[in-house]
Amino acid sequence: MKSIPLPGQFGVEFFDLDVNEMSDFELDRVATAQNNDGVVFIRDQNLDCEQHIAFAQRWGDIVTNRFFERVEEYPQIAIVRKEPKHQTVVGETWHTDHSYDAEPARGSILYAREVPKMGGDTLFANMYMAYDALSDGLKNTLKQISAVHSSAHVFSTEAVQANEHEDDRFHSGEQAVQRSIHPVVIQHPISGRKALYVNPDFTTHFAGWTEQESQPLLEYLYQHSTQDQFIIRFSWSPGTIAFWDNRAVMHKAINDYPNERRLMHRITLSGCALQGI
Ligand code: SIN
């Protein structure tokens, strides 16, 4: 097994590793890299759905996504797809998977089945580094506040009908009722590091503040977190796995491959309630 750091300040890419045959030692190395960097990539895999599920289960329990279309017979696997006719792509705004849940997802394991000839990269923003770079004054303010995260404005029937990816949804808009409050600065449950935990897709406002009052500071935090020095860009090849920790990074899919198809399978791992600092 070989590993190299990605260009930028975080992210590790593994080669010469078959996740179907991964030893405990190899698993430990991948876990350590993910714990340090928030996201790891494993190239050149050849997984069927059962092998994808078996790989995920080595890390913990799977949480089935309520809203995405699922692979037939494998409801644990959500389909993330762009067809040539689509103008938009799933996840093209910065976000953190499942942050609307009371116990938000620990991590996501995205497996590339079909990728466009060029483009279709994914960006990751390191929320540890973003937090560390804030002033002491703002850190002190943020540690006292929590934020509301909701699924309704993204996945309700009304929201989905306005979205060209309606076909790819599980038509479960009536289940989009999650509304959870999490600290704005969390202590990561595994690494113990402090991270910002707000995201443009699902965070609606600070608890006890109006949306209007919250917007300027949220906007500042998003701009701050997505500066060049805190992000990496990953270029996919078919058979690549990305495995990220939603409590350490945000992510965003790039929409730059018009008239082409991209098909990814995503499994999400269950998490825990998040603690502030
Ligand atoms: C996602 O938002 O989970 C998918 C990201 C991607 O398709 O690159």
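Reader: Which strands each supply at least two residues of the shell around the ligand?

Author: In this predicted model, they are β16 (249-253) and β17 (262-269). Helices (H or I, at least four residues) and strands (E, at least two) are DSSP runs, numbered from the N terminus. Residues are numbered from 1 along each chain as its sequence is written, and side-chain values use heavy atoms, with hydrogens and water left out. Because the model is predicted, local features need pLDDT of at least 70 and side-chain atom pairs count only at pLDDT 80 or more, while totals for chains, interfaces and linings use all residues.

Reader: Which residues are around the ligand?

Author: A residue is near a molecule if one of its heavy atoms lies within 4 Å of it. Here the residues around the ligand are Val80, Gly91, His95, Asp97, Leu110, Thr122, Trp244, His251, Ala253, Arg262 and Arg266. By class, the shell has 4 nonpolar, 4 polar and 3 charged residues. In this division Ala, Val, Leu, Ile, Met, Phe, Trp, Tyr, Cys and Pro count as nonpolar, Asp, Glu, Lys and Arg as charged, and the others, Gly among them, as polar.

Reader: How far is a polar side-chain atom of His95 from an oxygen atom of the ligand?

Author: The distance for His95 is 2.8 Å. A polar contact is a pair of N or O atoms within 3.5 Å; within protein, one must be able to donate a hydrogen and the other to accept it, and residues adjacent in sequence count only if both atoms are side-chain atoms. For a polar side-chain atom of His251, the distance to a ligand oxygen is 3.2 Å. An N or O atom in the side chain of Arg262 lies 2.8 Å from an oxygen atom of the ligand. The protein covers 100% of the 260 Å² of accessible area that the ligand has on its own. Accessible areas come from the Shrake-Rupley method with a 1.4 Å probe; for residues, only the protein chains shown count as cover.

Reader: Why does His149 count as buried?

Author: Buried means under 20% relative accessible area, exposed over 50%, and partly exposed in between (1.4 Å probe, protein chains only). His149 counts as buried because its relative accessibility is 0%. His149 sits in strand β9 (residues 146-150). Its side chain has a polar contact of 2.9 Å with that of Ser99 and one of 3.3 Å with that of Thr203.

Reader: How many residues does the largest nonpolar core have?

Author: A nonpolar core is a set of buried Ala, Val, Leu, Ile, Met, Phe, Trp, Tyr and Cys residues joined through side-chain atoms within 4.5 Å. The largest one has 52 residues, and Phe206 is among those with the most contacts inside it. Helix α3 (residues 127-132) gives the largest share of this core, 5 residues. Another core, of 27 residues, lies apart from it and includes Val12, Val30, Ile109 and Leu263.

Reader: What is Ile53 in contact with, leaving aside its neighbours within four places in sequence?

Author: Contact means heavy atoms within 4.5 Å. Ile53, in helix α2 (residues 49-57), is in contact with Ile62, Tyr74, Gln76, Ile77 and Ile267 on that basis. Ile53 is buried, at 8% relative accessible area.

Reader: Where does His98 lie, and what is its phi?

Author: Most residues other than glycine have a negative phi. His98 has a positive phi, near 65°, and lies in the loop between β6 (74-82) and β7 (107-114). Asp16 also has a positive phi, near 55°, in the loop between β2 (12-15) and α1 (24-37).
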